[in-house]
Amino acid sequence: MSERAWPGTAALIAILALGTAASGPSSVPRRRAVEVPVAAAGPDEAVLGRPLALAADADRLYVVDALDCAIKVFTRDGRFLRSFGRKGAGPGELSFPSGVAVSGDSVVVADKLNLRIQAYDRDGAAGGGFQVPFAPDRVFDLGGGRILVTGNPTGRGPAEPILHIYDAAGGPVWRGLEARASNDRVLDAFRNMVLVCPGDDGGFFVVFRSGGGEILEYAPSGALRREIRVDERYAYPTVSITAGGRSMTLAGFCWAASRDRGLFYLAAAEALDGRDLGPARTVSVLDGQGRLRAVVDLPCAVHRFLVSEGRMFAIDDEGALRVFEVGP
Amino acid sequence: MRKLAILALAGLILVVTAGAPYASAVDLNDQTDCNTNHMKCREYTLNLDAPWYKVMVLLTLCDLAFCKCALSV
(Lines give C-alpha, C1' and ligand atoms only; values in the text may rest on other atoms or scores of the structure.)
Protein backbone atom coordinates (compact mmCIF):
# COMPACT_ATOMS: atom_id res chain seq x y z
CA MET A 1 0.00 0.00 0.00
CA SER A 2 1.40 3.41 -0.95
CA GLU A 3 1.99 6.12 1.63
CA ARG A 4 -0.65 8.30 -0.06
CA ALA A 5 -3.30 5.69 0.64
CA TRP A 6 -2.74 5.74 4.40
CA PRO A 7 -4.73 8.89 5.33
CA GLY A 8 -7.76 7.59 3.42
CA THR A 9 -7.49 4.17 5.03
CA ALA A 10 -7.16 5.72 8.49
CA ALA A 11 -10.27 7.85 7.87
CA LEU A 12 -12.19 4.77 6.73
CA ILE A 13 -11.15 2.84 9.86
CA ALA A 14 -12.21 5.79 12.03
CA ILE A 15 -15.63 5.90 10.35
CA LEU A 16 -16.06 2.15 10.79
CA ALA A 17 -15.06 2.41 14.45
CA LEU A 18 -17.59 5.18 15.00
CA GLY A 19 -20.26 3.09 13.32
CA THR A 20 -19.48 0.14 15.59
CA ALA A 21 -19.66 2.35 18.67
CA ALA A 22 -22.98 3.78 17.56
CA SER A 23 -24.46 0.27 17.36
CA GLY A 24 -23.19 -0.67 20.83
CA PRO A 25 -25.37 -1.53 23.84
CA SER A 26 -26.23 2.11 24.46
CA SER A 27 -28.02 2.30 21.10
CA VAL A 28 -30.46 -0.51 21.90
CA PRO A 29 -33.82 0.97 22.87
CA ARG A 30 -34.60 0.27 26.49
CA ARG A 31 -38.06 0.56 27.92
CA ARG A 32 -40.08 -0.39 30.96
CA ALA A 33 -42.84 -2.96 30.73
CA VAL A 34 -46.25 -1.45 31.44
CA GLU A 35 -48.09 -3.55 33.98
CA VAL A 36 -51.76 -4.33 33.42
CA PRO A 37 -53.51 -4.36 36.82
CA VAL A 38 -54.82 -7.81 37.59
CA ALA A 39 -58.06 -8.24 39.56
CA ALA A 40 -57.82 -9.66 43.09
CA ALA A 41 -57.41 -13.43 43.19
CA GLY A 42 -61.08 -14.19 43.95
CA PRO A 43 -61.96 -17.74 45.02
CA ASP A 44 -59.37 -20.10 46.53
CA GLU A 45 -59.11 -22.09 43.33
CA ALA A 46 -57.90 -18.95 41.55
CA VAL A 47 -54.70 -19.00 43.61
CA LEU A 48 -51.83 -20.59 41.73
CA GLY A 49 -50.06 -23.25 43.80
CA ARG A 50 -47.28 -24.26 41.45
CA PRO A 51 -47.80 -22.75 38.00
CA LEU A 52 -45.50 -24.41 35.47
CA ALA A 53 -46.64 -23.39 32.01
CA LEU A 54 -48.97 -21.02 30.17
CA ALA A 55 -50.88 -21.05 26.91
CA ALA A 56 -53.20 -18.51 25.33
CA ASP A 57 -55.81 -18.26 22.63
CA ALA A 58 -57.63 -15.20 21.31
CA ASP A 59 -59.43 -14.45 24.58
CA ARG A 60 -58.27 -16.90 27.25
CA LEU A 61 -55.13 -17.69 29.20
CA TYR A 62 -54.56 -21.23 30.49
CA VAL A 63 -52.15 -21.85 33.37
CA VAL A 64 -51.21 -25.37 34.40
CA ASP A 65 -50.96 -25.78 38.17
CA ALA A 66 -48.93 -28.86 39.19
CA LEU A 67 -49.83 -28.56 42.86
CA ASP A 68 -53.59 -28.40 42.39
CA CYS A 69 -53.43 -30.79 39.39
CA ALA A 70 -55.61 -28.37 37.46
CA ILE A 71 -55.77 -26.01 34.53
CA LYS A 72 -56.77 -22.50 35.61
CA VAL A 73 -58.43 -20.31 33.04
CA PHE A 74 -58.13 -16.51 33.05
CA THR A 75 -59.16 -13.69 30.74
CA ARG A 76 -56.33 -11.93 28.96
CA ASP A 77 -56.63 -9.23 31.60
CA GLY A 78 -55.83 -11.77 34.32
CA ARG A 79 -59.35 -12.23 35.70
CA PHE A 80 -59.98 -15.76 36.92
CA LEU A 81 -62.75 -17.62 35.11
CA ARG A 82 -62.66 -21.27 36.13
CA SER A 83 -60.55 -24.30 36.82
CA PHE A 84 -60.70 -27.85 35.47
CA GLY A 85 -58.94 -31.15 36.20
CA ARG A 86 -58.26 -32.81 39.54
CA LYS A 87 -55.71 -35.18 41.03
CA GLY A 88 -55.96 -38.78 39.93
CA ALA A 89 -55.27 -41.22 37.15
CA GLY A 90 -58.70 -41.55 35.56
CA PRO A 91 -60.03 -39.75 32.49
CA GLY A 92 -59.68 -36.00 32.92
CA GLU A 93 -57.60 -36.43 36.08
CA LEU A 94 -54.02 -35.28 36.36
CA SER A 95 -50.85 -36.12 38.26
CA PHE A 96 -48.23 -33.37 38.29
CA PRO A 97 -49.32 -31.67 35.06
CA SER A 98 -46.44 -29.63 33.69
CA GLY A 99 -47.38 -28.36 30.26
CA VAL A 100 -50.38 -26.92 28.45
CA ALA A 101 -51.15 -25.85 24.88
CA VAL A 102 -54.14 -24.85 22.83
CA SER A 103 -54.46 -27.10 19.79
CA GLY A 104 -57.41 -26.48 17.50
CA ASP A 105 -60.54 -26.72 19.64
CA SER A 106 -58.71 -28.60 22.39
CA VAL A 107 -56.58 -27.76 25.38
CA VAL A 108 -53.84 -30.40 25.63
CA VAL A 109 -52.01 -31.06 28.88
CA ALA A 110 -48.75 -32.88 29.66
CA ASP A 111 -49.92 -35.22 32.44
CA LYS A 112 -46.42 -35.96 33.65
CA LEU A 113 -46.68 -38.70 36.26
CA ASN A 114 -49.49 -40.49 34.42
CA LEU A 115 -47.16 -40.57 31.39
CA ARG A 116 -49.81 -39.28 29.02
CA ILE A 117 -51.12 -36.32 27.07
CA GLN A 118 -54.70 -35.41 27.93
CA ALA A 119 -57.09 -33.34 25.87
CA TYR A 120 -60.01 -31.22 27.05
CA ASP A 121 -62.45 -29.02 25.23
CA ARG A 122 -62.33 -25.27 25.91
CA ASP A 123 -64.93 -25.71 28.67
CA GLY A 124 -62.80 -28.29 30.48
CA ALA A 125 -64.62 -31.49 29.50
CA ALA A 126 -62.15 -34.37 29.12
CA GLY A 127 -61.85 -35.37 25.49
CA GLY A 128 -59.36 -38.20 25.19
CA GLY A 129 -55.61 -38.31 24.96
CA PHE A 130 -52.83 -40.84 24.61
CA GLN A 131 -50.01 -42.49 26.53
CA VAL A 132 -46.37 -41.62 25.89
CA PRO A 133 -43.32 -43.75 26.80
CA PHE A 134 -41.71 -41.06 28.97
CA ALA A 135 -42.67 -38.36 31.47
CA PRO A 136 -43.89 -35.47 29.29
CA ASP A 137 -42.64 -32.06 30.37
CA ARG A 138 -43.95 -29.31 28.10
CA VAL A 139 -46.38 -29.47 25.22
CA PHE A 140 -46.74 -27.14 22.21
CA ASP A 141 -49.16 -26.86 19.32
CA LEU A 142 -47.48 -26.98 15.91
CA GLY A 143 -50.69 -26.63 13.90
CA GLY A 144 -52.41 -29.21 11.73
CA GLY A 145 -53.19 -31.32 14.78
CA ARG A 146 -49.52 -31.96 15.52
CA ILE A 147 -48.24 -31.63 19.07
CA LEU A 148 -44.64 -31.20 20.16
CA VAL A 149 -43.85 -32.77 23.53
CA THR A 150 -40.60 -32.30 25.40
CA GLY A 151 -39.20 -34.80 27.87
CA ASN A 152 -36.40 -34.40 30.36
CA PRO A 153 -33.75 -37.08 29.77
CA THR A 154 -33.50 -39.59 32.61
CA GLY A 155 -29.72 -39.62 32.33
CA ARG A 156 -29.72 -43.41 32.56
CA GLY A 157 -29.39 -44.27 28.90
CA PRO A 158 -27.58 -43.05 25.78
CA ALA A 159 -29.08 -40.95 23.00
CA GLU A 160 -32.38 -40.10 24.71
CA PRO A 161 -34.49 -37.81 22.49
CA ILE A 162 -35.69 -34.57 24.09
CA LEU A 163 -38.31 -33.66 21.48
CA HIS A 164 -41.24 -35.77 20.27
CA ILE A 165 -43.94 -34.88 17.74
CA TYR A 166 -47.31 -36.68 17.78
CA ASP A 167 -50.37 -36.37 15.59
CA ALA A 168 -53.78 -35.63 17.10
CA ALA A 169 -54.50 -39.34 17.56
CA GLY A 170 -51.27 -39.87 19.46
CA GLY A 171 -49.36 -41.45 16.61
CA PRO A 172 -45.63 -40.74 16.81
CA VAL A 173 -44.51 -38.55 13.91
CA TRP A 174 -40.93 -37.67 14.77
CA ARG A 175 -38.49 -37.58 17.64
CA GLY A 176 -35.09 -36.00 17.88
CA LEU A 177 -32.58 -33.68 19.53
CA GLU A 178 -30.56 -36.29 21.37
CA ALA A 179 -29.65 -35.43 24.94
CA ARG A 180 -26.04 -34.68 25.66
CA ALA A 181 -24.63 -37.44 27.83
CA SER A 182 -21.41 -37.65 29.83
CA ASN A 183 -20.23 -39.13 33.11
CA ASP A 184 -21.68 -36.16 34.99
CA ARG A 185 -25.45 -36.54 35.06
CA VAL A 186 -26.03 -33.36 37.02
CA LEU A 187 -24.09 -31.26 34.53
CA ASP A 188 -25.94 -33.05 31.71
CA ALA A 189 -29.28 -32.12 33.28
CA PHE A 190 -28.36 -28.43 32.97
CA ARG A 191 -26.94 -28.85 29.47
CA ASN A 192 -30.14 -30.57 28.33
CA MET A 193 -32.61 -27.98 29.65
CA VAL A 194 -34.43 -26.61 26.62
CA LEU A 195 -37.05 -23.98 25.92
CA VAL A 196 -39.27 -24.31 22.86
CA CYS A 197 -41.11 -21.66 20.86
CA PRO A 198 -43.53 -22.78 18.13
CA GLY A 199 -42.94 -21.22 14.71
CA ASP A 200 -45.41 -19.85 12.18
CA ASP A 201 -45.26 -22.62 9.56
CA GLY A 202 -45.47 -25.73 11.74
CA GLY A 203 -41.79 -25.57 12.58
CA PHE A 204 -40.35 -24.63 15.95
CA PHE A 205 -37.40 -23.03 17.70
CA VAL A 206 -35.24 -24.47 20.47
CA VAL A 207 -33.13 -22.56 22.98
CA PHE A 208 -30.76 -24.32 25.37
CA ARG A 209 -31.11 -22.62 28.75
CA SER A 210 -27.41 -22.99 29.43
CA GLY A 211 -26.56 -22.71 25.76
CA GLY A 212 -23.88 -20.96 23.84
CA GLY A 213 -25.59 -18.11 22.07
CA GLU A 214 -27.79 -19.60 19.38
CA ILE A 215 -31.41 -20.43 18.66
CA LEU A 216 -32.04 -23.61 16.68
CA GLU A 217 -34.75 -23.46 14.04
CA TYR A 218 -36.45 -26.71 13.04
CA ALA A 219 -38.62 -27.32 9.98
CA PRO A 220 -42.08 -28.91 10.37
CA SER A 221 -40.47 -32.23 9.36
CA GLY A 222 -38.15 -32.03 12.36
CA ALA A 223 -35.08 -31.30 10.25
CA LEU A 224 -32.72 -28.68 11.64
CA ARG A 225 -33.21 -25.69 9.37
CA ARG A 226 -30.60 -23.27 10.71
CA GLU A 227 -28.80 -21.96 13.76
CA ILE A 228 -29.65 -18.34 14.50
CA ARG A 229 -26.67 -16.67 16.09
CA VAL A 230 -27.88 -14.31 18.79
CA ASP A 231 -26.61 -10.72 18.75
CA GLU A 232 -23.39 -10.26 20.71
CA ARG A 233 -25.06 -7.40 22.58
CA TYR A 234 -27.41 -9.92 24.20
CA ALA A 235 -25.69 -10.21 27.57
CA TYR A 236 -25.87 -13.29 29.77
CA PRO A 237 -23.80 -14.33 32.79
CA THR A 238 -21.52 -17.32 33.19
CA VAL A 239 -21.07 -18.41 36.78
CA SER A 240 -19.10 -21.09 38.61
CA ILE A 241 -21.47 -22.71 41.06
CA THR A 242 -19.80 -24.57 43.92
CA ALA A 243 -21.64 -27.10 46.05
CA GLY A 244 -20.38 -29.97 48.16
CA GLY A 245 -16.77 -29.47 47.13
CA ARG A 246 -17.46 -29.58 43.39
CA SER A 247 -17.66 -26.70 40.99
CA MET A 248 -19.69 -26.38 37.81
CA THR A 249 -19.43 -23.54 35.30
CA LEU A 250 -22.79 -22.73 33.77
CA ALA A 251 -23.93 -20.08 31.33
CA GLY A 252 -27.27 -18.50 32.15
CA PHE A 253 -28.08 -18.01 28.49
CA CYS A 254 -31.82 -18.07 28.87
CA TRP A 255 -34.08 -18.47 31.89
CA ALA A 256 -37.32 -18.19 29.95
CA ALA A 257 -38.30 -17.57 26.33
CA SER A 258 -41.28 -16.89 24.15
CA ARG A 259 -41.95 -15.88 20.55
CA ASP A 260 -44.64 -13.55 19.31
CA ARG A 261 -45.29 -12.09 15.86
CA GLY A 262 -41.83 -13.02 14.59
CA LEU A 263 -39.96 -11.63 17.59
CA PHE A 264 -38.14 -13.64 20.25
CA TYR A 265 -38.46 -12.60 23.88
CA LEU A 266 -35.46 -14.01 25.72
CA ALA A 267 -34.77 -13.46 29.40
CA ALA A 268 -31.17 -14.21 30.34
CA ALA A 269 -30.63 -15.61 33.82
CA GLU A 270 -29.56 -13.14 36.46
CA ALA A 271 -26.29 -13.67 38.34
CA LEU A 272 -27.09 -13.84 42.05
CA ASP A 273 -24.12 -12.54 44.07
CA GLY A 274 -21.91 -13.79 41.22
CA ARG A 275 -22.25 -17.34 42.56
CA ASP A 276 -25.63 -18.51 41.39
CA LEU A 277 -28.11 -18.01 38.57
CA GLY A 278 -31.74 -17.09 39.05
CA PRO A 279 -34.80 -15.73 37.28
CA ALA A 280 -34.57 -12.62 35.17
CA ARG A 281 -35.75 -9.03 35.51
CA THR A 282 -35.09 -7.99 31.95
CA VAL A 283 -36.29 -9.38 28.66
CA SER A 284 -34.45 -8.91 25.38
CA VAL A 285 -36.42 -8.63 22.17
CA LEU A 286 -34.70 -10.15 19.13
CA ASP A 287 -35.80 -10.36 15.53
CA GLY A 288 -35.83 -13.49 13.39
CA GLN A 289 -32.16 -13.01 12.53
CA GLY A 290 -31.14 -12.83 16.18
CA ARG A 291 -30.56 -9.06 16.14
CA LEU A 292 -31.26 -7.29 19.42
CA ARG A 293 -34.13 -4.85 18.91
CA ALA A 294 -34.96 -3.73 22.44
CA VAL A 295 -34.48 -4.47 26.11
CA VAL A 296 -37.54 -4.41 28.37
CA ASP A 297 -37.18 -3.91 32.11
CA LEU A 298 -39.66 -5.69 34.35
CA PRO A 299 -40.63 -4.54 37.85
CA CYS A 300 -40.02 -8.03 39.26
CA ALA A 301 -38.17 -11.25 38.52
CA VAL A 302 -40.20 -13.59 36.33
CA HIS A 303 -39.84 -17.35 36.28
CA ARG A 304 -41.94 -18.30 33.29
CA PHE A 305 -43.75 -16.23 30.74
CA LEU A 306 -45.69 -16.27 27.51
CA VAL A 307 -45.87 -13.36 25.10
CA SER A 308 -49.02 -13.24 22.98
CA GLU A 309 -50.09 -10.29 20.82
CA GLY A 310 -47.62 -8.00 22.57
CA ARG A 311 -48.86 -8.92 26.03
CA MET A 312 -46.69 -10.83 28.48
CA PHE A 313 -48.27 -13.24 30.96
CA ALA A 314 -45.68 -13.98 33.60
CA ILE A 315 -45.29 -15.90 36.84
CA ASP A 316 -43.44 -13.90 39.49
CA ASP A 317 -41.38 -14.97 42.54
CA GLU A 318 -44.53 -15.46 44.59
CA GLY A 319 -46.09 -17.70 41.97
CA ALA A 320 -48.63 -15.02 41.08
CA LEU A 321 -49.80 -14.13 37.60
CA ARG A 322 -48.63 -10.75 36.32
CA VAL A 323 -49.59 -9.16 33.02
CA PHE A 324 -47.41 -6.65 31.14
CA GLU A 325 -47.50 -4.84 27.84
CA VAL A 326 -44.11 -5.49 26.23
CA GLY A 327 -44.79 -5.32 22.52
CA PRO A 328 -43.31 -2.69 20.25
CA MET B 1 -25.32 -91.67 53.39
CA ARG B 2 -24.47 -91.09 49.74
CA LYS B 3 -28.14 -91.40 48.80
CA LEU B 4 -29.03 -88.82 51.42
CA ALA B 5 -26.42 -86.38 50.06
CA ILE B 6 -27.77 -86.72 46.52
CA LEU B 7 -31.30 -86.13 47.73
CA ALA B 8 -30.21 -83.03 49.67
CA LEU B 9 -28.37 -81.67 46.62
CA ALA B 10 -31.38 -82.30 44.36
CA GLY B 11 -33.64 -80.59 46.88
CA LEU B 12 -31.29 -77.61 47.00
CA ILE B 13 -31.20 -77.35 43.20
CA LEU B 14 -34.98 -77.62 43.11
CA VAL B 15 -35.39 -74.83 45.64
CA VAL B 16 -32.86 -72.58 43.89
CA THR B 17 -34.36 -73.24 40.45
CA ALA B 18 -37.91 -72.70 41.64
CA GLY B 19 -37.00 -69.62 43.65
CA ALA B 20 -34.80 -67.94 41.04
CA PRO B 21 -37.54 -66.55 38.79
CA TYR B 22 -39.40 -65.27 41.84
CA ALA B 23 -36.24 -63.61 43.19
CA SER B 24 -35.41 -61.95 39.85
CA ALA B 25 -39.00 -60.69 39.53
CA VAL B 26 -38.68 -59.05 42.95
CA ASP B 27 -35.34 -57.48 41.90
CA LEU B 28 -36.90 -56.27 38.68
CA ASN B 29 -39.76 -54.62 40.56
CA ASP B 30 -37.36 -53.00 43.00
CA GLN B 31 -35.21 -51.71 40.15
CA THR B 32 -38.33 -50.33 38.46
CA ASP B 33 -39.22 -48.57 41.72
CA CYS B 34 -35.71 -47.12 41.88
CA ASN B 35 -36.03 -45.83 38.32
CA THR B 36 -39.51 -44.40 38.93
CA ASN B 37 -38.48 -42.65 42.14
CA HIS B 38 -35.35 -41.28 40.44
CA MET B 39 -37.45 -39.96 37.57
CA LYS B 40 -39.91 -38.30 39.96
CA CYS B 41 -37.10 -36.79 42.02
CA ARG B 42 -35.49 -35.26 38.92
CA GLU B 43 -38.78 -34.05 37.48
CA TYR B 44 -39.80 -32.32 40.72
CA THR B 45 -36.37 -30.71 40.91
CA LEU B 46 -36.22 -29.59 37.29
CA ASN B 47 -39.68 -28.07 37.61
CA LEU B 48 -38.84 -26.13 40.76
CA ASP B 49 -37.53 -23.28 38.64
CA ALA B 50 -35.29 -22.45 41.58
CA PRO B 51 -31.85 -20.82 41.39
CA TRP B 52 -29.41 -23.31 39.92
CA TYR B 53 -27.33 -23.89 43.08
CA LYS B 54 -30.41 -25.43 44.69
CA VAL B 55 -31.19 -27.43 41.55
CA MET B 56 -27.61 -28.70 41.45
CA VAL B 57 -27.74 -29.86 45.09
CA LEU B 58 -31.15 -31.52 44.67
CA LEU B 59 -30.16 -33.29 41.44
CA THR B 60 -27.07 -34.62 43.22
CA LEU B 61 -29.27 -35.89 46.05
CA CYS B 62 -31.58 -37.57 43.51
CA ASP B 63 -28.59 -39.42 42.03
CA LEU B 64 -27.28 -40.42 45.48
CA ALA B 65 -30.70 -41.76 46.45
CA PHE B 66 -30.86 -43.68 43.16
CA CYS B 67 -27.43 -45.24 43.77
CA LYS B 68 -28.42 -46.20 47.31
CA CYS B 69 -31.69 -47.70 46.04
CA ALA B 70 -29.97 -49.62 43.22
CA LEU B 71 -27.26 -51.00 45.52
CA SER B 72 -29.75 -52.20 48.09
CA VAL B 73 -31.80 -54.11 45.50
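**Two chains, one value at a time**

Mentor: Of the 328 residues in chain A, 42% are buried. This is a predicted model, where local features need pLDDT of at least 70 and side-chain atom pairs count only at pLDDT 80 or more, while totals for chains, interfaces and linings use all residues. Residues are numbered from 1 along each chain as its sequence is written, and chains are lettered from A and ligands numbered from 1 in the order in which they are written.

Trainee: What makes a residue buried, exposed or partly exposed?

Mentor: Count the other C-beta atoms, placed from the backbone, within 10 Å of the residue's own: 20 or more is buried, 12 or fewer is exposed, and in between is partly exposed.

Trainee: Why is A:Arg261 put in its class?

Mentor: A:Arg261 has 11 other C-beta atoms within 10 Å, so it is exposed. You'll find A:Arg261 in the loop between strand S23 (256–260) and strand S24 (263–267) of chain A. A:Arg261 also has a positive phi of about 50° although it is not a glycine. Most residues other than glycine have a negative phi.

Trainee: And what makes B:Asp49 count as it does?

Mentor: B:Asp49 has 17 C-beta neighbours inside 10 Å, so it counts as partly exposed. B:Asp49 sits in the loop between H1 and H2 of chain B, and has a positive phi of about 60° without being a glycine.

Trainee: How many helices and strands does chain A have?

Mentor: Chain A has two helices and 30 strands.

Trainee: What makes S17 and S20 of chain A edge strands?

Mentor: In the open sheet S17-S18-S19-S20, strand S17 (194–198) and strand S20 (224–229) each have a single partner strand, so one side of each is left without a neighbour in the sheet.

Trainee: Which residues touch the most other members of the largest nonpolar core?

Mentor: A:Val100, A:Val139, A:Cys254, A:Leu266 and A:Phe313, out of 107 residues. A nonpolar core is a set of buried Ala, Val, Leu, Ile, Met, Phe, Trp, Tyr and Cys residues joined through C-beta atoms within 7 Å. Strand S28 (residues 292–308) of chain A gives the largest share, seven residues. Among the residues that A:Phe313 touches are A:Leu54, A:Leu61 and A:Val323.

Trainee: How many residues does each chain bring to the contact between them?

Mentor: Chain B brings 15 residues and chain A brings 23; two residues are in contact if their C-beta atoms, placed from the backbone, lie within 7 Å. On the side of chain B, H2(B) gives the most, with seven residues.

Notes. Helix = DSSP H or I, 4+ residues; strand = E, 2+ residues; numbered from the N terminus. Pairing = 2+ DSSP bridges. Lists of a residue's contacts leave out its neighbours within four places in sequence.
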